[in-house]
There are 2 protein chains.
Amino acid sequence: MPNRKIATPITLVDVKSACSNCNLHELCLPLGLSQAEIEKLDELVSSRRRLRRGEHLYRAGEAFGAIYAVRSGFFKTDVLLEDGREQVTGFQMTGELLGLDGISTEHHSCNAVALEDSEVCTIPFLHLEGLSREIQTLQHHFHKVMSREIVRDHGVMMLLGTMRAEERLATFLLNLSQRFTARGYSPDEFYLRMTREEIGSYLGLKLETVSRAFSRFQEEGLIAVQQKHVRILSITGLKRLMNHQQGRG
Amino acid sequence: MPNRKIATPITLVDVKSACSNCNLHELCLPLGLSQAEIEKLDELVSSRRRLRRGEHLYRAGEAFGAIYAVRSGFFKTDVLLEDGREQVTGFQMTGELLGLDGISTEHHSCNAVALEDSEVCTIPFLHLEGLSREIQTLQHHFHKVMSREIVRDHGVMMLLGTMRAEERLATFLLNLSQRFTARGYSPDEFYLRMTREEIGSYLGLKLETVSRAFSRFQEEGLIAVQQKHVRILSITGLKRLMNHQQGRG
DNA sequence: CGTGCACGTTGACTTGGATCAAAGGGGCTT
DNA sequence: AAGCCCCTTTGATCCAAGTCAACGTGCACG
C-alpha cells in the first residue's frame, strides 16, 4: 500500500532488446531456438521497461497486451480479495515470464510488483502467437513454459494444503536456492528480496510464524539468517524437514 | 488406494469423436472455431476412451503424449508426496481439459482419476500444436485455456493461503454450482462425485472439518445435505460467507 | 435381500499457528 | 548524524482445525 510514494520520472525506455545478445536466453523464451530464429524473436521483443522498487509492472484488471521477461531484478505477483487479504502467488527472477495470467480474459488477474529495481523485456502477445505459428520450436517452448507454471502452482497447492509451517519454509528456501544456482549464483547464500510478510503470504503463514521458523532453523544449525541475508548451512538438513509431517507418520 | 479392485476388460475404444457433432464444443477446445475449422479438429481428436470409476486416465511419471477433453463423467487430479500425503489439485467435469501438466516435462506430473464412469476424447498433443499453427483461433483459444488454468490455480492458492474452513467450503460449492449451471444443470442441486476426504484434500482440510462445515451450513439453513446430494438453499448466504474473514476485520 | 464395509457424522480433547503486544535493529532521508 | 519508519524478533495467550474415537448409514456385493 505505501509503495505509491516512489515517484519515477522515467520508467519506459525504448531500448532494442536483442535476445540474441542476452545471456539469459538459456533460461528464457529463446531456449532451444537456432540463431536465426532468435533473431526473429529480437524483432518482437520490442522494448524494455525499467521499474523501481515498489512499482507495479501491471495491476489486476488492466487490459492485457504483452507478457514480460524479467531481464534483471525481482518481482512478486499477488491477488487481492475485496476485504484486503493478499495472496502472493509467486516470486519471479531473471529469465522468468510474467503476465501469463492475462491471456485468459485479456485482462490481468493479478498484480506484478518489482521488489527491487528491475528491468523487463516486453513481448507483445499477438506477435508472440504470430511467431510461434511460424517457429515450431518457439511454440513448443512457450507451451512448456505455461505448463511449467501450472505444475509449479500444483506444487504450491501441495505446500499450502498439506505441509506444516517449517516444511513450507524449508521447501521455499530450497526452491530459491535451486533457482539461484540455475542462474550462476551461490546455492547457499543469498539475499531475500521480500519481507517476512510477503514470504508468509506466499506460504500461507503469518509473518511471526515465518520469523519463528527462521529462528528455529538457525537454532538447529540449518541456516544462518541476518535480516534478509540467508546462508544455508545444511541443504540436507532442510531437505530432511520436507516430506516429514512429524507427529505420527 | 483400494480403487485397484475395479477390473475393466475394455477401456480403450476407437470411436471417431467428431467435435462437429459434440454438444460440448461451446465449452471445450472448439469454442469460437468456424464449422470448417471444427471439421479439421475432428481429424485430430483421434479416439475416445472410456474409464470406469476409480480408473486412472494417467499417472504421475507416465510419458505425456496427449491431452484429454472430458466428454462425460467426472475426474480428479492429484499429486502425491513420497510419504503418502495427497493434494487434490482439481476436479474436472464435462468439456474441461486434462493433461496440461504433462507438456512441461513430457511426463505427467499428477494423477488423473475418474470419479465416476467417464469418457474422454484423446487429443494427441503434437497434432494439436500442428493444427494451432494453422488455425489462429484454435491457437489463441488453447492459450486462453492454459492461462485460465493458471488463474484458477491462483484462486486455489488464495483459498488455501488465506481462507477459513467454512469460507473454503462455501467457495467450493459456489464454484461447483456455477460450473454445473454453465452445463445446463441446476445451479442449486447436484450430486457430489467426490468423498469428504477428497474435498478436504482439495481444500486443505481434514474430512471431519469438511463434514462439520456441511453440518453447520445445514443448521444455518444455507444448504440441505444428504450424503453426496447437495441442495443450495441460499446462494447469497454462501456468498456472504466468502470474503468475510470473521473475527476482527 | 441381507450384510459388510467404505463413507459420513459427531463428540471430546489437543495443538500448531494466529493474535496481541512490546521491544529491538537497519537503512533511508533530511 | 540524527531520527524515523518499517521490518523483524520474541513472548504470552487464544482458538480453529486437527486428532482420536465411536457410532450411523446406505450402497454394492454375494
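Predicted model: local features only at pLDDT ≥ 70, side-chain atom pairs only at ≥ 80, totals over all residues.

Me: How is a strand read, and with which strands does β5 of chain B pair?

Reply: Strands of a sheet pair through backbone hydrogen bonds, either parallel or antiparallel. Helices (H or I, at least four residues) and strands (E, at least two) are DSSP runs, numbered from the N terminus. Two strands pair if DSSP finds at least two bridges between them. Here β5(B), residues 74–80, pairs in the antiparallel sense with β6(B), residues 86–93, over seven bridges. Within that pair, B:Val79 stands opposite B:Gln87. β5(B) also pairs with β8(B), residues 111–114, in the antiparallel sense over four bridges. There, B:Lys76 has B:Val113 as its bridge partner.

Me: What lies between β5(B) and β6(B)?

Reply: The two strands form a hairpin with five residues between them, and in the turn B:Gly84 has a positive phi of about 100°.

Me: Is β5(B) mostly covered or mostly open?

Reply: A residue is buried if 20 or more other C-beta atoms lie within 10 Å of its own, exposed if 12 or fewer, and partly exposed in between, with C-beta atoms placed from the backbone. By that count, six of the seven residues of β5(B) are buried, and the strand is mostly covered.

Me: What is the strand order in the open sheet of three strands in chain B?

Reply: The order is β10-β12-β11, with antiparallel pairing. β10 (189–191) and β11 (223–226) of chain B are the edge strands, each pairing on one side only. Three bridges join β10(B) to β12(B), residues 229–232, and B:His229 in β12(B) is the bridge partner of B:Tyr191.

Me: How is the contact between the two chains described, and how many residues does each chain give to it?

Reply: Two residues are in contact if their C-beta atoms, placed from the backbone, lie within 7 Å. Chain B and chain A contribute 40 residues each. On the side of chain B, the elements giving two or more residues are β6, α2 (125–134) and α3 (136–162). The largest share, 19 residues, comes from α3(B). Ala, Val, Leu, Ile, Met, Phe, Trp, Tyr, Cys and Pro count as nonpolar, Asp, Glu, Lys and Arg as charged, and the others, Gly among them, as polar. This side of chain B has 12 nonpolar, 18 polar and 10 charged residues.

Me: Which rotation superposes chain B on chain A?

Reply: Copies are superposed by least squares on the C-alpha atoms of residues with pLDDT of at least 70 in both. A rotation of 180° with 0.0 Å of shift along its axis does this, with an RMSD of 0.0 Å. That is the relation of a two-fold axis. In chain B, the C-alpha nearest the axis belongs to B:Arg133, 2.1 Å from it. The copies meet through the same surface, because 100% of the interface residues of chain B are also interface residues in chain A.

Me: Which residues come closest to DNA strand C?

Reply: A residue is near a molecule or strand if its C-beta atom, placed from the backbone, lies within 6 Å of it. Of the 23 residues that surround DNA strand C, the closest are A:Arg164, A:Thr209, B:Thr195, B:Ser211 and B:Ser215. α6(B) gives the most to this surface, with six residues. The surface near DNA strand C divides into six nonpolar, eight polar and nine charged residues.

Me: Which residues come nearest to DNA strand D?

Reply: There are 23 residues around DNA strand D, and A:Thr195, A:Ser211, A:Ser215, B:Arg164 and B:Thr209 come nearest. For this surface, α6(A) gives the most, with six residues.

Me: Where is A:Gln227 found, and what is its phi?

Reply: A:Gln227 lies in the loop between β11 (223–226) and β12 (229–232) of chain A. Its phi is near 55°, a positive value in a residue other than glycine. A:Gln227 is exposed, with 9 other C-beta atoms within 10 Å.

Notes. Residues numbered from 1 in each chain as written. Chains lettered and ligands numbered in written order.
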